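I went from helices to a sheet and then to single residues.

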Amino acid sequence: MQLNKSSQATSNSSPKDSASYPTFILKRNQRLDTLNITVEEYEHRETGAVHYHLASDNPENVFLVALRTVPMDSTGVAHILEHTALCGSKKYPVRDPFFMMIRRSLNTFMNAFTSSDWTAYPFASQNRKDFNNLLDVYLDAVFFSSLNELDFAQEGHRIEFVEPDNTNSALEYKGVVFNEMKGAMSAPTSRIWQQVCQHLFPTTTYHYNSGGEPTDIPSLSYQDLKSFYETHYHPSNAIFMTYGDIPACEHQERFENLALKEFKKLDIHIAVDDEKRFKAPLRVSESYPLDEPDSTNKTHVVVAWLLGKSTNLAEMYKAQLLSGVLLDNSASPILHVLETTSLGRSPSPLCGLEDSYREMSFMCGLEGCAENTTEEIESLIIGALEDIVANGIDQDKVKAALRSLELSQREISGDSYPYGLQLILSALSTATHRGDPIELLDIDPVLLQLEKDIQDENYIPNLIKEYLLDNPHRITLTVHPDPELADKVANEEIAKLASIKDKLDENDKQAIVKRAQLLKQRQEEDDDPSVLPSVTLDDVPVEINWPESEHLEVPLKDKTFPVRFFAQGTNGLSYQQVILNMPALDESLTKQLPYFTSCMPELGIGNKSYLEVQALQSAISGGVNVYNTIRSDINDEQSFKNYLVLSSKSLYANQDKTSDLLRDTFLHCRFDEHQRIRELMEQISSRKEQSITSQGHSLAVGVACSNMSPIASMNYQSSGMAGIQQLKQRIKDFENPDSLAEFAASFEQLHSQILNAKKQFLLISEQREKEALLGSIKNTWENTLDTQAQTSQFSFPPCRERVEEAWLANTQVNFCAMAFPSVPVGHEDAAALTVLGGFLRNGFLHRSIREQGGAYGGGANQDSGTASFRFYSYRDPRLLETLEDYKRSIDWMLKNNHESRALEEAILGVISSLDKPSSPAGTAKQAFYNELFGRGKEQRAAFRQQVLQVSIESLKGVTEKYLANQQPSIGIISNKSQSSQLESLGLSICQL
């Protein structure tokens with residue numbers, strides 16, 4: 001492997017080279033050129049708190065404070081504490097400072113996380129004033145939390161009468177986390193993961209559900225919560241991590257003055273113990289709820305091993321390499337046998353390495369299995385491992401897995417989380433377990449060592465023997481579907497609540513009524529937001545950031561191809577995209593398009609099988625991605641442009657080969673590998689069905705908006721609920737070989753229609769690599785045809801029919817959406833509607849849907865792409881009441897006087913979203929595609945200016961015009977127990 005000399009970590013500098021605040025000791029610092037950061041480690045003199053600072057010239061500064069939280073039950077104490085800690089503190093005694101600060105900030109990220117063994121509070125901002133405001137609030141929330149008992153009841157759990165003032169009505173459980181975890185544990189994958197951990201870790205914290213089991217959460221008392229806080233939320237148990245261009249000493253001065261000076265060292269050592277190791281493998285059986293009449297071939301089988309400690313970084317990287325070799329792609333030996341066996345429908349989504357726990361684990365298995373196939377599946381996996389040990393493995397696959405490790409380390413990401421936060425989170429688990437996060441981030445010495453190690457052809461076989469075959473700490477878990485389990489659990493909850501009620505005397509009943517009244521009173525209080533720090537519109541940058549680029553023409557044969565080149569700091573990676581103007585397709589081919597793009601990079605090329613292509617992709621690139629990108633015209637949501645994109649990334653040394661790979665994928669993709677296509681479609685179907693409990697709000701919105709525009713309709717029919725239903729049926733149809741052959745033939749037909757499409761190229765790299773990258777494009781694509789007209793603008797008849805539809809799925813909670821037709825982004829009302837979404841969420845919906853209603857989340861937004869204004873709820877215990885709250889929010893907007901402060905907060909939220917930074921490559925891609933779809937710098941700047949000029953009067957104007965007295969569309973995802981209530985709403989009901 002070729003490693004740049006500049007990527008090596010420089011020697012540790014003297015501690016005196018980095019300034020620290022007097023109350024902190026600098027223990028060491030180290031330059032990591034690969035990541036363009038200097039990592040500094042400090043310790044607080046008084047409390048022993050650790051501070052890791054990742055010094056960078058990046059102005060997007062990141063803060064995180066983490067506490068080791070090691071619960072030994074499934075009451076969700078750490079998770080509920082994370083929520084409750086953010087509900088008011090000593091310095092900021094308001095009821096909801098966290099969500100209030102979201103509205104008063106220009107943050108680029110703001111959240112809180114509960115993991116299995118830590119709880120973290122991170123945020124990021126590009127504005128120094130904003131960063132310091134958030135730091136002030138976060139430190140007070142973590143170390144001086146109020147922990148009001150009513151907030152515990154709201155966020156955690158409580159019992160109330162179904163009719164709050166009627167003690168003769170039944171009892172019910174309420175609570176944000178209670179409903180959140182009901183939703184989370186509705187997903188079979190989440191439940192099976194917990195079952196794996198329960199058996200693989202019989203004695204440590206991982207045996208329990210740190211988020212909380214819905215059956216156990218009501219057992220947590222308020223006193224338990226406070227006791228956990230007192231021992232765990234102390235600086236002696238804290239890890240501070242920062243990233244960016246603010247010096248460590250400035251952070252430390254604020255840490256000291258805002259929090260640490262109030263504490264002495266606490267004599268505690270919170271840690272995860274070593275797991276007691278098995279002497280022989282175990283086989284265990286569990287069940288999961290399946291809300292379907294047919295449970296045939298719905299069993300899951302997972303084989304899991306407990307490995308060594310994640311703090312032993314040499315062992316961790318060996319395990320990562322081994323996992324990559326075995327499971328990286330379809331040519332990897334274990335993934336190959338799992339994808340091609342007839343014993344199951346597709347590989348388990350749990351396949352892979354878990355390396356964030358103190359002790360690592362490796363898992364593989366199948367889903368969609370027959371009931372009695374466990375022994376065969378276990379033998380299949382063990383046999384495949386034994387075969388590698390006996391016969392070895394292709395060294396090219398081992399080298400490819402190592403290159404994948406290098407590429408993932410070099411890439412500067414940051415399109416989902418800020419880049420600095422991603423670095424911090426990658427190091428956090430190691431720091432939590434008192435390992436060395438600096439060593440973790442410095443991967444180059446590890447790569448060099450592994451490069452030497454894999455020269456031995458027995459290296460991987462020996463790792464398989466040591467980590468897996470000769471390791472007795474193994475479980476084989478079989479999880480059977482149980483169509484009656486959901487009803488059984490629901491009935492047990494009803495019986496438990498009835499039993500509780502039977503034991504209540506009149507004083508107890510009145511206490512429940514009184515608490516409900518007090519909580520409602522607290523929820524309806526209007527706190528004084530002026531006690532919180534804030535940025536204002538005066539702090540908003542005047543200009544928007546837009547990357548520079550070059551418009552080039554590359555001569556190919558007798559014509560030229562347009563190329564956009566962005567010179568960005570990509571750290572040795574180049575990004576190539578081929579963008580094709582999509583021709584007009586008939587309805588049947590349009591429905592095939594998302595499956596075509598998903599399957600295309602996973603199939604063979606020319607005379608190469610898909611296995612050979614997968615190996616090639618892994619060896620030279622970060623993989624090939626093919627997707628369809630489609631957006632409406634800025635002035636007409638019924639018209640749109642449609643492009644097909646082929647994309648890849650690679651180290652500079654492999655960019656020529658990557659260009660060839662993209663060309664060959666486009667020109668010579670094979671559609672005759674019918675069994676492979678079936679395997680891929682089964683995997684796609686499984687992933688989409690499993691996404692319902694995590695993406696239910698988006699899917700419900702997709703139902704409600706499905707007739708708003710052509711794009712919304714296509715999304716609903718392809719990736720929405722209708723698409724998931726059709727895909728399930730299509731998988732059943734593949735039992736007939738003719739049906740599968742017909743499906744593959746449609747791919748051939750679609751491919752033939754795009755072969756001569758108009759092309760353009762997007763290239764991203766550092767400036768010095770520009771000419772080489774352009775040369776790769778010229779040499780690779782010069783003999784390809786390009787005969788289609790350039791336009792790819794399509795128009796459809798107006799599409800605005802109302803929808804009133806509910807879908808029944810495998811979920812314990814609801815997702816409720818309501819949508820109104822609105823306007824595209826070019827309309828003069830688009831800015832006001834965009835601000836209105838945040839205004840309604842901040843001022844009304846957050847309180848009514850989340851705090852009072854108990855849903856995990858809810859809000860409203862304007863989608864200018866489909867010209868729709870949407871209300872939504874997430875993991876919601878209610879149905880009708882939520883829909884009524886949406887309507888009430890409209891009346892609230894129109895009938896009340898509103899403060900200018902609330903308007904400013906809503907505008908800040910929109911500006912923060914518009915100005916959110918991305919990775920260097922992500923910034924270039926966003927600019928390119930925004931310009932491609934008519935949303936260039938001038939349009940974005942004009943829209944941003946319109947947002948800044950929105951008034952209360954304009955908010956009321958668009959509310960009156962688009963929402964008041966209008967008949968909305970309704971989309972709901974629920975379960976069969978809610979059928980009667982859904983029917984009472986007059987909704988058409990669909991069964992997934």
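This is a predicted model: local features need pLDDT of at least 70, side-chain atom pairs count only at pLDDT 80 or more; totals for chains, interfaces and linings use all residues.

Entry 1: I began with helix α9 (residues 313-327) and helix α12 (residues 395-410), whose axes come within 9 Å and cross at roughly 120°.

Which residues in α9 meet α12? On the α9 side I listed Q320, L321, G324 and V325, and on the α12 side they meet K397, V398, A401, L402 and L405. Sorted by class, the contact of α9 with α12 has 6 nonpolar, 2 polar and 1 charged residues.

**Entry 2: an open sheet.** Next I followed an open sheet of 6 strands, which I wrote down in the order β26-β27-β25-β28-β24-β29, and its pairing is mixed. Why is one side of β26 and of β29 left without a neighbour in the sheet? The reason is that β26 (857-863) and β29 (988-991) stand at the edges, where each has a single partner strand. From one strand to the next, the twist averages 15°.

One bridge I picked out pairs G859 with Y872 in β27. Helix α29 (residues 880-895) packs on the sheet, where it touches β25 (815-821), β27 and β28, and its direction makes about 40° with that of β25.

**Entry 3: what lies under helix α8.** In α8 I marked A248, H251, Q252, F255, E256 and L258 as buried. The buried residues of α8 pack against β1 (24-32), β2 (37-44), β3 (50-55), β4 (61-68), α3 (128-143) and β10 (238-244).

Entry 4: K265 has its place in the loop between α8 (248-258) and β11 (282-289). Is K265 buried or exposed? Its relative accessible area is 57%, so K265 is exposed, since the cut-off for that word is over 50%. Leaving aside neighbours within four places in sequence, I found K265 in contact with E46, T47, G48, H234 and S236. I also checked a separation from C-alpha to C-alpha: K265 and T597 are 57 Å apart in space and 332 residues apart in sequence.

**Entry 5: S848, in a helix.** S848 is found in helix α28 (residues 830-852), and at 4% relative accessibility it counts as buried. Not counting residues up to four places away in sequence, S848 touches G853, R878 and D885.

**Entry 6: two residues with positive phi.** L147 is a residue other than glycine, and I noted that its phi is positive, near 50°. L147 is found in the loop between α3 and α4 (149-155), and with a relative accessibility of 5% it counts as buried. N965 is not a glycine either, although its phi is positive at about 60°. I located N965 in the loop between α33 (952-962) and β28 (969-974), where its relative accessibility of 75% means that N965 counts as exposed.

Notes
Residues are numbered from 1 along each chain as its sequence is written. Side-chain values use heavy atoms; hydrogens and water are left out. Helices (H or I, at least four residues) and strands (E, at least two) are DSSP runs, numbered from the N terminus. Buried means under 20% relative accessible area, exposed over 50%, partly exposed in between (1.4 Å probe, protein chains only). Contact means heavy atoms within 4.5 Å. Two strands pair if DSSP finds at least two bridges between them. Axes are lines fitted to C-alpha atoms, for helices over the stretch in contact, and angles run from 0 to 180 degrees between N-to-C directions. Ala, Val, Leu, Ile, Met, Phe, Trp, Tyr, Cys and Pro count as nonpolar, Asp, Glu, Lys and Arg as charged, and the others, Gly among them, as polar.
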